[in-house]
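Open the model in your viewer and keep the selection tool ready. The tour goes from one selection to the next.

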Amino acid sequence: MANCPVTSSEAASDTCLPAGAGCSIVAALDSVRDFFEPRLSAAVGFDGETPTRLAESMRYAVLAPGKRLRPALVFWAAQACGSPRRDPADHWDPADHWEVATPAAVAVECIHAYSLVHDDLPAMDDDDLRRGRPTCHRAFDEATAILCGDALQALAFEVLAKGMPAAVAARACLALAQASGSAALVGGQVDDLAAERGWLDSPPVTAGDQVAWMDRINRRKTGALFLASLHLGGLAVGADDAQLDALTRFGRAFGVAFQIADDLLDAEGTEAAMGKRVGKDAQRGKLTYPTVAGVGSARERAQNLAAEAAAAVAPLGEPAAELAALAHWIVTRDH
Ligand code: GRG
């Protein structure tokens, strides 16, 4: 397997970030995609009773070129928690941990892809472009896109239940169901719509209340699936409570840092780099971190959170270097 470990010293240093020569986190993400995408494709290689149009829409949605951040979190959490105890001689091969964590990586990417397909629908964000291509309802039709999302969601749990040992599968299914259900992904999406569509009895007014409101939405809408990705990766290799706790602290800081960076990119990024429409938030007068707190302080908070995330996984040692580097990268990326 092509693997490109990032060292702890690179993770802590700005010089390893994407703009720098020989940046290893970008290569490490390429390694994840090289390993993961053939396995993801196999998971949506339907036969039997799945109608062709539905199968095509699911492959279209899930195999479109995404960053694969959630699978990366699964694999890097697995390698961070699995390595020391599996090979005390320290000759660890991350491939062992990635293979065992593959059902978890496929499952979280299926949930993510379904949420994007549904979010792009006319009843929600009404977008025409996603991952540089026409959105699913544009390439197919609305009914197919709704059913594609439904089937991707069910597939996620099928893959976990089939691919993991029973006791681990039950914990993993619970964690993923909670992260994608009414109290997290779906609930966060509903609250986001509520603010935008004037469904709130008392919208937040002060800057402090607005930041708390956004944190609460993003913790559920975006952060919960990142956290579940990390936990599923840990569970796949039998992580202990201390390791899961380190992943939790990493995931909480990472989730907010990611969302602030996403808001900054919506305000300042380009459609070509992002592969989706930008400037939507301003058009809709939506609350975002840069509009409430200002671009400078939003950027500063994102960088502080990235450092906090990296510090949280420092006790996991060298195998957690990719996680730390990813936290720094997500706040400096251009897509
Ligand atoms: C429809 C239940 C339901 C939820 C929708 C995912 C989502 C919730 C909304 C998408 C809108 C949005 C911009 C959310 C915030 C951040 C986010 C999930 C960005 C996309 O994730 P990336 O950058 O995308 O990892 P790729 O395409 O690289 O996988």
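**A charge over a ring**

Select Arg70 and Phe258: the charged end of Arg70 sits over the ring of Phe258, 6.0 Å from its centre. A charge counts as over a ring if NZ of Lys or CZ of Arg is within 6 Å of the ring centre and within 35 degrees of the ring normal. This is a predicted model, in which local features need pLDDT of at least 70 and side-chain atom pairs pLDDT 80 or more, while totals for chains, interfaces and linings use all residues. Residues are numbered from 1 along each chain as its sequence is written, and side-chain values use heavy atoms, without hydrogens and water.

Next, return to Arg70 and show the ligand. An N or O atom in the Arg70 side chain is 2.8 Å from an oxygen atom of the ligand. For Arg131, the distance from a side-chain N or O atom to a ligand oxygen atom is 2.8 Å. Select Lys67 too: one of its polar side-chain atoms lies 2.6 Å from a ligand oxygen atom.

Last, select Arg133 and Tyr60. The charged end of Arg133 sits over the Tyr60 ring, 5.9 Å from its centre.

Technical notes: Polar contact = N/O pair within 3.5 Å; in protein donor to acceptor, adjacent residues only side chain to side chain.
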